[in-house]
Amino acid sequence: MALMSISMSNFLIKSPNPQNTHLRFRQGLAIPHKRSFGIGHRTGRILCALIEADGGNLVELFVKGDLRDLKRREALEIPRIKLSRIDLQWVHVLGEGWASPLRGFMRESEFLQTLHFNSLRLDDGSVVNMSVPIVLAIDDKQKQRVGESDRVALVDSNNNTVAILSNIEIYKHNKEERIARTWGTTAPGLPYADEAITNAGHWLIGGDLEVIAPIRYGDGLDRFRLSPAELREEFVRRGADAVFAFQLRNPVHNGHALLMTDTRRRLLEMGYKNPVLLLHPLGGYTKADDVPLSWRMKQHEKVLEDGVLDPETTVVAIFPSPMHYAGPTEVQWHAKARINAGANFYIVGRDPAGMGHPLEKRDLYDADHGKKVLSMAPGLQRLNILPFKVAAYDKTQGKMAFFDPSRPQDFLFISGTKMRTLAKNKESPPDGFMCPGGWKVLVDYYDSLAVPENGKIPEAVPA
């Protein structure tokens, strides 16, 4: 594992040929008694160790290098299922252990527990959070081809074998129930549902997953896709005694930076010696009008280059999960996955994983429900939830600051819509809203979508 030099020196990357090593970590991080910020530790001392993965061990599902050729030959003799782009992203998630202790695409019992309880009960009676179904849909023809086989090969769009699914179980894909319980509505226009569920097959196939080799995308960003094991290794290397995670799918502005630096200050006041920030942009499927991942990573690079965040206490990596926009249901998945990466604090803001209602002019979810649900969610008791403070542009100071309700007239709230409008029109936000280099990247992105001389409009490509 190395750090890029010169302009990319603030980004943690992995080597072109990473070794899939299984790491052993010290256990026993002292966790506050309640999941609220500022509560004292039960033991009265801070232990420099990482939080355990869900289920006690990080579950990686990769085939060992010397067996890969054998597995590829075996795959030629069994039925094949072609994966969609989103299916491949879920193989990535499962293979690296983000969904630990899940060992493959969900069988029916796991699917039902996820839909109805947002959790999975393990053999020892303990419960881990699991709020989003991780399933693989097949159609009638694919089901017929599988026949009586107890194994299938999973292949990508180029028919390369990606994984083998064994001890399979096929069951009905009740799409309406899945959509209703995941999003709380069946209204048309839900991006992930339209992309991955509505037109998918009427069957789901679950089983034990063996991933032939780590997933690579060849988009120039693979070096940023650090697995939970690789992230844990980096946190240990840096001597982190606390890891606080911040997920985002938007460009970073100075309000975000204020929140993250203030969170570190508060952790130091609690007695931690070296809290490390995991800045973790979502890198799977996003809806077409979101800023694509490649542009977001360029913008994050400029934020770090300009010193808005401290590179010594910040790890930037890509979270490979697809985005559902399922509000309080999905934010549990986002938080749970970061436990497996070693985070014991999770920053949550207004309307996390939310979106506008697809048919009405209102938000689909209550803006405060995400943080409330996280504080009560089954299986997340070990995770400390850090609610956002509200940041806005303070006109008296000319910078982003925490909102002071005693002088509301001094603050300007710049919404995401307003930010995008300014960037599209090549207008500048108030000084101090975003670092100049980061803002230029955003302007350049929207400029790239402008109508060229030939009159053809470039198609926005989801991340």
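This is a predicted model: local features need pLDDT of at least 70, side-chain atom pairs count only at pLDDT 80 or more; totals for chains, interfaces and linings use all residues.

User: How many helices and strands does the protein chain have?

Analyst: Helices (H or I, at least four residues) and strands (E, at least two) are DSSP runs, numbered from the N terminus. For the protein chain the secondary structure comes to 13 helices and 17 strands.

User: What percentage of the residues in the protein chain is buried?

Analyst: Buried means under 20% relative accessible area, exposed over 50%, and partly exposed in between (1.4 Å probe, protein chains only). The protein chain has 463 residues, and the buried share of them is 53%.

User: Which residues line the largest cavity?

Analyst: A cavity is a set of points, on a 1 Å grid over the protein atoms alone, where a 1.4 Å probe fits but cannot get out; lining residues have an atom within 4 Å of a point. Grid points are joined across faces, edges and corners, and a volume is the space filled by probe spheres set on the points. The structure holds one cavity of 30 Å³ or more, and the largest cavity has about 40 Å³ of space. Its lining consists of Asn250, Pro251, Asp289, Asp290, Val291, Met419, Arg420 and Tyr446.

User: How many residues of each class are in the lining of the largest cavity?

Analyst: Ala, Val, Leu, Ile, Met, Phe, Trp, Tyr, Cys and Pro count as nonpolar, Asp, Glu, Lys and Arg as charged, and the others, Gly among them, as polar. By these classes, the lining of the largest cavity has three charged, one polar and four nonpolar residues.

User: Which residue's backbone oxygen lies 2.9 Å from a polar atom of the side chain of threonine 114?

Analyst: Threonine 114 belongs to helix H3 (residues 108-117) and is buried, because its relative accessible area is 1%. Leaving aside neighbours within four places in sequence, its contacts (heavy atoms within 4.5 Å) include Met106, Leu120 and Met130. The backbone oxygen in question is that of glutamate 110.

User: Is serine 406 buried or exposed?

Analyst: Serine 406 is placed in the loop between strand S16 (399-402) and strand S17 (411-412). A polar contact is a pair of N or O atoms within 3.5 Å; within protein, one must be able to donate a hydrogen and the other to accept it, and residues adjacent in sequence count only if both atoms are side-chain atoms. The side chain of serine 406 makes such a contact, at 2.7 Å, with the side chain of aspartate 404. Because its relative accessibility is 61%, serine 406 counts as exposed.

User: What is the omega of the cis peptide bond that joins serine 100 and proline 101?

Analyst: Most residues other than glycine have a negative phi, and most peptide bonds are trans. Proline 101 is in the loop between helix H2 (85-96) and H3. The omega of the cis bond between serine 100 and proline 101 is about 10 degrees.

User: What is the phi of aspartate 351?

Analyst: Aspartate 351 is in the loop between strand S13 (345-348) and helix H11 (369-376). With 13% relative accessibility, it counts as buried. Its phi is positive, in a residue other than glycine, and is near 50 degrees.

User: How far apart in space are isoleucine 212 and leucine 61, C-alpha to C-alpha?

Analyst: Isoleucine 212 is in the loop between strand S9 (203-211) and helix H7 (228-237), and is buried at a relative accessible area of 1%. In sequence, isoleucine 212 and leucine 61 are 151 residues apart; in space, C-alpha to C-alpha, the separation is 8.7 Å.

Technical notes. Residues are numbered from 1 along each chain as its sequence is written. Side-chain values use heavy atoms; hydrogens and water are left out. On a 1 Å grid over the protein atoms alone, a cavity is a set of points where a 1.4 Å probe fits but cannot get out, and a pocket is an open set with protein on both sides within 12 Å along at least five of seven lines; lining residues have an atom within 4 Å of a point.
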